[in-house]
Amino acid sequence: MNGSRRLIEKRDIAVILILCLAVGLCFFLFGRVNSQKTPVAVITVNGEEIKRINLARAEDGKITLSNGVVIETVNHAIRFTESGCRDKICIHTGSLDKVGDTAACVPMKTVITLEGADSDIDILTY
């Protein structure tokens, strides 16, 4: 068989390398967009926005809401520290520090959501 053809030719390898580089470049450019957003904590009580806190500029401290819930900002993160609810699940949720993180105290109707300062993301799934 003089006219036999190789399974993979040099140009096939070149096309595969170019495609791999293009995919890697897209992942590098677009895959880390969310991590570069500045988290802004949005605190709502009974569906009404009470406060917005830019965590990159927030000083460490505690905030007491009108319903008795205490929220704390420490090291560019935010968390529930005190609540009048029975189970204290909101307190055990821990600190929120990434865009898209959410914690809620359902009995006290209080929600903390971290949004990006200039976010154009509609939904974030894990």
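Asparagine 54 is buried in this predicted model. Its relative accessible area is 19%, and the residue counts as buried because the cut-off is under 20%. Asparagine 54 lies in strand β2, which covers residues 48-54. Its side chain comes to 3.0 Å from the backbone nitrogen of alanine 56. Beyond its neighbours within four places in sequence, asparagine 54 contacts Thr38, Pro39 and Val40.

Strand β2 pairs with strand β1, residues 39-45. The pairing is antiparallel and runs over 6 bridges. Within it, isoleucine 43 faces lysine 51 of β2. The β1 and β2 hairpin has 2 residues between its strands. Asparagine 46 adopts a positive phi there, near 55°.

Strand β4 spans residues 70-74. Of its 5 residues, 4 are buried, so the strand is largely enclosed by the rest of the structure. Two antiparallel pairings involve β4, one with β3 and one with β5.

The pairing with strand β3, residues 61-64, comprises 4 bridges. Here glycine 61 stands across from threonine 73 of β4. The β3 and β4 hairpin places 5 residues between the strands. In this hairpin, glycine 68 has a positive phi near 90°.

The pairing with strand β5, residues 77-82, comprises 5 bridges. Valine 74 is opposite alanine 77 of β5. Between β4 and β5, the hairpin has 2 residues. Asparagine 75 takes a positive phi in this hairpin, near 50°.

Terms used. Residues numbered from 1 in each chain as written. Predicted model: local features only at pLDDT ≥ 70, side-chain atom pairs only at ≥ 80, totals over all residues. Heavy atoms only, no water. Buried < 20%, exposed > 50% of the residue type's maximum accessible area, 1.4 Å probe, protein only. Polar contact = N/O pair within 3.5 Å; in protein donor to acceptor, adjacent residues only side chain to side chain. Contact = heavy atoms within 4.5 Å. Pairing = 2+ DSSP bridges.
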